[in-house]
Amino acid sequence: MVAPSGEQFEIEGGGYRAVVTESGAALRTLSHGTRDLVDGFAEDEMSPGGRGQLLMPWPNRIRDGRYAFGGSEHQLPLTEPQRHNASHGLARWVAWTLEEHTTHSVSLQYRLMAQKGYPWTLDLRVVYDLSADGLTVTQTATNTSRDPAPYACGAHPYLAVGPGPADSWELTLPAATRSLTDDRLLPVGREPVDGTPYDFRVARPVGGTVLNATFTDLTRNDDGVATTVLRDPATGHAVALWVDERVRWLLLYTADDVPATARRSVAVEPMTADTDAFRSGEDLVTLAPAGEAGDELSVSWGIRAVD
């Protein structure tokens with residue numbers, strides 16, 4: 001019998017332990033000592049709500065699954081039919097191939113073949129590495145096609161600092177701007193977070209704030225790293241998610257529309273571009289043809305425990 005998420009790849013290092021799955025190269029579990037740092041899923045489950053999945057070659061949604069690139073119109077399958085969107089890329093449910101597995105790291109790869117709606121072939125690779133600094137994830141895409149290819153990426157971890165609910169947890173989100181969306185969760189504008197319930201630049205409780213929005217204009221350190229922190233003031237335990245300079249957007253989601261898991265954790269999703277970037281073009285990367293400079297993009301993000 002094969003588990004719904006396929007083969008399981010366990011790694012350990014620096015007091016951390018993680019399990020990555022064959023299906024979607026997803027982060028199923030991550031813990032530090034006895035503390036769970038992500039709200040993952042069981043080995044006998046499919047990933048619910050996108051938990052731990054990689055979003056490639058685009059994150060979030062594309063309106064009507066339709067976009068133009070290179071002078072041609074493209075139509076993707078509508079994988080979110082209730083909202084008439086193409087959602088979360090083309091690699092989240094496929095079987096990724098093991099490249100290397102050591103005690104503390106695992107790398108997997110997947111060749112995304114040209115197909116209707118995305119007529120480019122990309123070699124996708126991800127490396128999960130554990131150390132005393134926590135988990136580092138590096139996502140890479142290489143264009144193996146003769147033509148330039150549109151590309152963006154993301155990931156879908158749910159952070160947790162206990163059993164929840166998240167209302168009493170303190171959130172620090174270093175973002176100055178929020179994207180505004182319509183009833184299909186597609187962007188229609190943006191606003192500064194100043195004076196709104198979405199300003200978490202200084203740590204404060206999540207409270208009753210419903211989160212399902214993308215944020216940008218991230219405050220970074222001298223190395224270009226932006227860090228989001230979720231802390232339980234009752235225990236002092238916290239978890240941090242950091243992103244490198246190529247990750248310009250974060251989506252935060254409290255799953256209020258999913259009664260079984262509502263507010264049990266907070267998804268903090270790193271994204272290189274906002275929702276619908278294939279149509280807007282904002283922060284969309286054009287991968288150069290195979291063999292030319294710019295045919296590859298790597299981005300890194302990670303999760304660590306904070307005491």
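1. Let me start with a term: a residue is called buried under 20% relative accessible area, exposed over 50%, and partly exposed in between, with a 1.4 Å probe and protein chains only. By that rule Thr214 is buried, because its relative accessible area is 3%. Thr214 lies in strand β21, residues 212-218; strands here are DSSP runs (E, at least two residues), numbered from the N terminus.

2. A word on the model before going on. It is a predicted one, in which local features need pLDDT of at least 70 and side-chain atom pairs count only at pLDDT 80 or more, while totals for chains, interfaces and linings use all residues. Residues are numbered from 1 along each chain as its sequence is written, and side-chain values use heavy atoms, with hydrogens and water left out.

3. Back to Thr214 and its surroundings. Setting aside neighbours within four places in sequence, Thr214 is in contact with residues including Asn60, Arg178, Trp249, Leu251, Met271 and Asp274 (contact means heavy atoms within 4.5 Å). The side chains of Thr214 and Asp274 are joined by a polar contact of 2.8 Å. That term stands for a pair of N or O atoms within 3.5 Å; within protein, one must be able to donate a hydrogen and the other to accept it, and residues adjacent in sequence count only if both atoms are side-chain atoms. Val268 is 54 residues from Thr214 in sequence, with 9.6 Å between their C-alpha atoms.

4. Beyond residues up to four places away in sequence, Asn60 touches Leu55, Ala86, Ser87, His88, Leu185, Thr214, Leu251, Met271 and Thr275.

5. Which residues line the largest cavity? They are Asn60, Arg61, Thr181, Leu185, Asn212, Ala213, Thr214, Leu251 and Thr275. On a 1 Å grid over the protein atoms alone, a cavity is a set of points where a 1.4 Å probe fits but cannot get out, and lining residues have an atom within 4 Å of a point. The volume of this cavity is about 60 Å³, counted as the space filled by probe spheres set on the points, which are joined across faces, edges and corners. β21 gives the most to the lining, 3 residues.

6. The structure holds 2 cavities of 30 Å³ or more.

7. Now the pockets: a pocket is an open set of points with protein on both sides within 12 Å along at least five of seven lines. The largest pocket holds about 450 Å³. Of its 25 lining residues, Gly49, Arg61, Glu80, His88 and Tyr253 lie nearest the centre. The second largest pocket has a volume of about 250 Å³ and 15 lining residues, with Asp36, Leu37, Val38, Ala160 and Gly162 nearest its centre. β3 supplies the largest share of that lining, 3 residues.

8. Finally, the sheet. Nine strands form an open, antiparallel sheet in the order β10-β11-β12-β13-β27-β23-β22-β17-β20; strands pair if DSSP finds at least two bridges between them. Its edge strands, β10 (97-101) and β20 (204-205), each pair on one side only. Within it, 6 bridges join β22 (226-231) to β23 (238-243), and Val229 has Ala240 in β23 as its bridge partner.

Note on methods: Helices (H or I, at least four residues) and strands (E, at least two) are DSSP runs, numbered from the N terminus.
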